[in-house]
Amino acid sequence: MKLSDRIAGAIWGAFVADSLSLGVHWVYNARHIARKAGRLTGPIAPIKGADKYHPHRTAGQFTHYGDQMLVLLQSVHEAGRWSRTDFSQRWKKMWDGYDGYIDKATKATLKEGQSGSDDLSGCARMAPLLLALGDGPESDFVTAAREQTLLTHGADVQAEASDFFARVLFAVVHGHPVDKAIAAARGQAADPAQIDGWIAEAQARLQDEDPAQVVADLGAHCHIPGAVSATLYLLFKFGHSLEEALIENAMAGGDSAARGLLLGAILGGRDGRDAIPAAWIEALDAGSKIASLIGQAAGPPAGRTRFTFTNAEGLTLDGALESPREKLRGYAVFAHCFTCGKDIAAASRIARALAQHGIAVLRFDFTGLGNSDGDFANTHFSSNVSDLVAAAGALRDQYEAPALLIGHSLGGAAVLAAAEDIPEVKGVVTIAAPSEPEHVTRLLEGSVEEIASEGSAKVNLAGRTFTITNDFLEDLEEHSLAEKIGRLRRSLMIMHAPLDKIVGIDNAAQIFQAAKHPKSFISL
């Protein structure tokens with residue numbers, strides 16, 4: 001099995017373990033769990049007792065541990081490495097308006113900068129670090145695991161537990177059997193006697209017939225060392241099967257989520273993603289996001305498929321996703337020209353051509369046009385920009401955020417304005433784009449005065465009649481692209497025809513001059 005498969009298995013294993021534990025989390029009565037949940041076969045909504053801590057969660061979502069682990073995964077993915085500063089900033093930001101449970105350790109860290117908590121959850125969320133550090137030196141992974149732990153949980157015993165489990169996990173994803181990984185980690189411990197104690201407590205109970213009672217005796221609570229001994233017991237007892245280990249862990253009650261993160265990571269790292277029940281992964285609300293972050297996003301069907309999404313106003317916008325038949329390299333969004341639509345020849349030809357080169361292209365009808373909901377009379381340039389951001393968000397949620405934005409005419413101005421609100425975008429292409437949105441008013445000659453005096457007017461554009469409002473004109477005046485272009489910080493390709501009679505070539509020159517490098521101009 002390839003290292004990348006083991007790393008993916010470790011990350012998926014940790015997330016499904018948290019999701020499986022959510023429904024019974026912090027319920028310490030195993031009999032109550034059995035009565036209310038039966039024997040768990042997949043994620044469920046919180047039962048009575050667990051709903052006290054997770055009242056806003058449903059089946060397939062995470063506890064506050066899993067949510068923090070997702071933030072760590074996003075940090076590692078986007079930074080391309082472990083960054084204590086980046087994770088710290090993201091971690092603090094996630095609690096703004098958070099509707100899940102906020103535990104004492106978190107409150108203390110937010111208030112005082114760190115807590116002295118010895119909760120196992122602090123080190124248990126380490127699996128995403130493998131994404132950046134799994135193929136490097138073990139020491140780098142161990143150091144990062146310790147740092148992310150001590151960021152929020154500062155007890156001395158945390159560092160010992162973090163180092164121990166980091167070494168075990170790293171060894172397992174590199175193909176070492178669990179028992180040998182544990183022995184090696186014990187040998188490298190700063191305090192081997194402490195590790196020996198945890199292992200001995202776990203091994204002494206392996207012949208007992210009631211796992212829930214053993215976990216209760218060792219420590220079903222959050223705190224190290226009891227929680228470590230309970231985790232090792234479950235690993236020794238049920239480690240032959242990831243599925244059985246995670247179910248028994250949840251059925252045992254208490255802080256099953258913290259134990260589960262480690263059990264899922266270690267056993268998933270040993271067995272790979274394919275050992276995890278597919279239904280558990282499919283049940284995850286954040287499944288597509290996780291898949292994208294670890295580079296395992298399931299691509300869309302080849303060819304053209306319908307792609308609808310909801311914009312900021314709650315309206316459904318209609319789109320078409322043109323996907324490659326061979327290897328998928330990334331995603332793009334195409335913005336059509338003023339009053340046009342996703343099915344114009346330029347849009348469909350460009351989408352097909354890019355798909356042949358591995359780029360999936362989403363083209364869609366802006367609000368009030370084509371098959372999209374809404375009234376065109378209520379739209380403006382700002383709403384077009386908002387629709388673009390919503391389109392990128394929909395791709396991000398279902399597959400992967402776009403790395404490329406392409407805009408034709410006013411759509412070109414829109415992608416220049418939207419790029420800064422889509423952090424994953426690496427390149428922008430404009431085709432016959434105006435340097436300022438206000439250029440569109442030239443198409444409305446003879447109607448501008450009527451629109452200003454009457455509030456709106458019906459205007460014939462390319463053989464079709466549209467209602468243009470004064471709000472539309474005022475919104476155009478409020479936008480200045482020069483500053484946005486100057487701080488674009490993306491590769492820019494400007495495509496324009498020197499003899500364009502609708503949008504003069506001087507617009508391309510103004511965009512080019514306003515932009516920083518890298519930038520290119522192609523004459524059509």
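**Stop one: a glutamine and its surroundings**

Select glutamine 148 and, skipping neighbours within four places in sequence, you'll find it in contact with Leu72, Trp82, Phe87, Gly122, Cys123, Arg125, Met126 and Leu129 (contact: heavy atoms within 4.5 Å). This is a predicted model, where local features need pLDDT of at least 70, side-chain atom pairs count only at pLDDT 80 or more, and totals for chains, interfaces and linings use all residues. Residues are numbered from 1 along each chain as its sequence is written, and side-chain values use heavy atoms, with hydrogens and water left out.

Now show the side chain of arginine 125: the side chain of glutamine 148 makes a polar contact with it at 2.5 Å.

**Stop two: the largest pocket**

Go to His77, Ser292, Glu400, Ala401 and Glu424, the closest to the centre of the largest pocket among its 22 lining residues. By class, that lining has 9 nonpolar, 6 polar and 7 charged residues.

**Stop three: the second largest pocket**

Which helices each supply at least two residues of the lining here? Select helix 3 and helix 4 (84-94).

Definitions and conventions
Polar contact = N/O pair within 3.5 Å; in protein donor to acceptor, adjacent residues only side chain to side chain. 1 Å grid on protein atoms, 1.4 Å probe; cavity = no way out; pocket = protein on both sides within 12 Å on 5 of 7 lines; lining within 4 Å. Nonpolar A, V, L, I, M, F, W, Y, C, P; charged D, E, K, R; others polar. Helix = DSSP H or I, 4+ residues; strand = E, 2+ residues; numbered from the N terminus.
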